[in-house]
Amino acid sequence: MSEAILVLNGPNLNLLGTREPDIYGKATLDDLRAATMAQAKRHGLTADFRQSNDEGELVDWIQDARNTAAGIIINAAAYTHTSVAILDALQACGKPVIEVHLSNIFKREAFRHHSYVSPAATGVICGFGPQGYVLAVDAMADLLTKVKTP
Ligand code: DQA
């Protein structure tokens, strides 16, 4: 039976492809979705890939994941740097979490250097563009295998 990974994308990531392409590249959110789903399939996993501009909706989805997902990959976008609510939801979820960013947030403005998501994450992947989502799926597959075989 395949296991579902919840892949969450925060605000403004729906604009990928046209949004500051010098920073975020030309790939669209649909391109990221396709690459993520394909990589999940290679591992025998499924991916539920979502985007919201709404912090509360992201919190609701993380809460639902307690019963529906094996793990969460999250690019919380700007909420990374502001949202205690998303941190609390991730910590309450009890599932493995991997944090992803397209850009290298540590090479950018100082306010992007702090992440409220990181304390809930097993690991962080940033700076590799869309490939980061593929790497995150690989890392999640590895984490889920370890969960099954202690
Ligand atoms: C981002 C980095 C954030 O600082 C920014 O607010 C985003 C995207 C990234 O993927 O590089 O919206 O999470």
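R108, E109 and R112 are linked in a network of salt bridges. A salt bridge here is a side-chain nitrogen of Lys or Arg within 4 Å of a carboxyl oxygen of Asp or Glu. By this rule the count comes to five.

This is a predicted model: local features need pLDDT of at least 70, side-chain atom pairs count only at pLDDT 80 or more, and totals for chains, interfaces and linings use all residues. Residues are numbered from 1 along each chain as its sequence is written, and side-chain values use heavy atoms, with hydrogens and water left out.

**Charged pairs**

Side chains of opposite charge can pair when their charged atoms come close. The table lists salt bridges with their N to O distances.

| Salt bridge | Closest N and O atoms |
|---|---|
| D30 and R33 | 3.4 Å |
| D48 and R50 | 2.7 Å |

D30 is exposed, at 52%. Its partner R33 is partly exposed, at 31%. D48 is partly exposed, at 30%. R50 is partly exposed too, with a value of 27%.

**Helix α2**

Helices are DSSP runs (H or I, at least four residues), numbered from the N terminus. Helix α2 covers residues 29-42, which is 14 residues. How far apart are its end C-alpha atoms? They are 20 Å apart. The expected span is 1.5 Å times one less than the number of residues.

The buried residues of α2 are L29, L32, T36, Q39 and A40. They cover an arc of only 100 degrees around the axis, so they sit on the same side of α2. The arc is that of the directions from the helix axis to the C-beta atoms.

Which exposed residues does the face turned away from the buried side carry? That face of α2 carries D30, K41 and R42. D30 is also the residue that forms a salt bridge with R33. Both lie in α2, three residues apart, about one turn of the helix.

Just after α2 comes G44, which takes a positive phi of about 75 degrees.

Notes: Helix = DSSP H or I, 4+ residues; strand = E, 2+ residues; numbered from the N terminus. Buried < 20%, exposed > 50% of the residue type's maximum accessible area, 1.4 Å probe, protein only.
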